[in-house]
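Reader: Hey, can you walk me through this one? I'm new to reading structures.

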Amino acid sequence: MAARGAKERPGEGSYALATTIRHDRLTLPAAPLGAVNPLAPLRPLDETHSVDPATVPGLPPDMARGLAFAPLTSLLPTRVLDGYERRRVPTALPTLVLENSRLRATVLPGLGGRVHSLFHKPTGRELLYRNPVFQPADFALNGAWYSGGIEWNIGATGHTTLSCATGHTTLSCAPLHAARVPAPDGGEMLRLWEWERLRDLPFQVDLWLPEDSDFLLVGVRVRNPHLATAPLYWWSNTAVPEEHRVLTPADTAWHFGYERRLRRVPFPHHDGADRSHPAHSPHPADYFHEPRDPAARPWIAALDREGHGLVQTSTGELPGRKLFVWGSGPGGRRWQEWLTEPGTAGYAEIQAGLARTQLEHVPLPAGAETAWLEAYGPLQADPATAHGPDWAAATTEAGAALDRALSTEELAAARDAWRAVADTPPGERLATGSAWGALEVRRAALGLPGTPFDDAPGPEQRPWAALLDTGALPAKAPGPDQDPGPTLVSPAWRDLLETAAPDPLTEYHLGVAQWHAGDLAQAVRSWERALTAPGAADAARWPALRALAVADTGARHPVRAAERYAEALADALARRGTPDGEDPDDEPSPLFAALAREAVPALLAADRAGAAREAYGRLHPATRARGRFRLLEAQLLLAEGEREAAVAVFTGGFEVADLREGDEVLSETWARLSDEPLPAAYDFRMRPADG
């Protein structure tokens, strides 16, 4: 399929290039991801994006149902990625480059399969916001995420009884499987696939460039191979230059800001400004658009002052459209600097999803699948109209330009052609993802044509493969810390743990699975048994002690939580042979850092500042120098009555690399220290002062 008007124009070259896929390298200043947090994510998710419950009764009934449908309660079975820092070094990142005569798409298979760049050759224009650095930040559900390009977000949104708006996938910084597959037109197609672990759903993303087409076509399929309905979440997020105007055929939108209110507003003009210009919003916000004609194909575009830019459209199975803006306030500007390089241009995001808002899940019935086709390409509209005051005329002009470039009928035909080859077995493997999908396919004897999960178990999967084969986990985790590894928590795995012979490791994992299932009392009993089960004398005690401390914190037993954290710290150090503290000549321990990060606040909450200081002092000097622990030092000094010393920590400067989106810990700590305005370097506030 060639898009209309896609032929070469004079002076642009008259060659025809068959679609190709090749390996390449992209060198960027990059901050290493660092070690995975070894502690099971037992704590509740943050509430940055939860809707104020008082506002829910005023929402449409179907939206309210979507908000309440199967909210995420835990990050299990994944682990948190928070070991990155802010020091960037030139790094060569593996890429897969998909190219025809018109477009060149650069994909990062090791980082969520993100499209880093979409370059239009005839005009020499980059169609996306292409981040000049790789800087992880705490925006994904499980921590590390980075900005720029086109990202594929599957997984979940939300916690407790309502939903969470961002929902950046736990696969943001993870490798995906990739392979060549014959495209519908006989050329080459790039297939990406993985097993999404929060909802146990396999998915695939097929990218191809029809010969001489101006559009990157993306076929997405998600399958539910299980016997029960699964909650499904999908949003495709595209970063575009902030100075572009965003156009979509909608006159109203659901506005969601960090004051946690979801309200219907006119779009683009409301509160005295034209919100189709991202910089006109004072604060970070989401605008979930309501289509003017729900039966028409959905699309959204971002155009510069000359009428050039990017358009994203899809078949009707992906109806949602959204604009995310950082806004012009100090917090939004600080975040923009944080995610890239100071002095570089800002960005906004245009997004497409399965639901009306990003706060909802949709049901995917047992044994069913859902699929759709997206298209990304250049758009040129009359600049005077596209940037004129008449919103209806601007969106009509952009829609007509899209129809000329890629008609609804062409897109539907391409979807049907792709669906006919969606089960085609992959050819040459180009990148390798995780082995978790292979383990699940083996456990449940699943058949998933087109997305083979046949990898051999890796170190994290081998204990669970042994549980399948023998009915028991290996008795002892390797390594000086005896890290128990990640826990599988679905009902099927929990059943296998419950029938396995009791030992410290099995009881620990069983407790985690029970905790995830909401059986908190039984989880506590399992962790207590882990401390006394056969073999406990030789086993690491810190996993169960720390889990019990989390349970004590949730049950509002701060003294007992502090005691168990102190025991866990002592056990972790004893197993390394350094009971008095980490050896400065050794590498810092990610385990001890993670334990201390939880233990010090718990000790302070129990009015044990002396014990908190002792725990902090046992950390490796390199760990204490990290921004997260400099903040902890300021909080510790404040508890000790050393207010001036705590202020000096702030004035000396530090950066909390894994500061969570919406977290106001910096401003809250500063307010306890000083009556002076919050220094600009620490101002990441994302909501109005009275929000």
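Author: Here is a short chat about the overall fold and then a cavity. This is a predicted model, where local features need pLDDT of at least 70, side-chain atom pairs count only at pLDDT 80 or more, and totals for chains, interfaces and linings use all residues. Residues are numbered from 1 along each chain as its sequence is written, and side-chain values use heavy atoms, leaving out hydrogens and water.

Reader: What does the C-alpha trace span?

Author: About 75 × 65 × 50 Å along the principal axes.

Reader: New topic: how many cavities are there?

Author: The search finds 6 cavities of 30 Å³ or more. A cavity is a set of points on a 1 Å grid over the protein atoms alone where a 1.4 Å probe fits but cannot get out, and lining residues have an atom within 4 Å of a point. Points are joined across faces, edges and corners, and volume is the space filled by probe spheres set on them.

Reader: What's the second largest cavity like, and which residues line it?

Author: The second largest cavity holds about 60 Å³. Its lining includes Leu-28, Arg-114, His-116, Phe-134 and Tyr-146.

Note on methods
1 Å grid on protein atoms, 1.4 Å probe; cavity = no way out; pocket = protein on both sides within 12 Å on 5 of 7 lines; lining within 4 Å.
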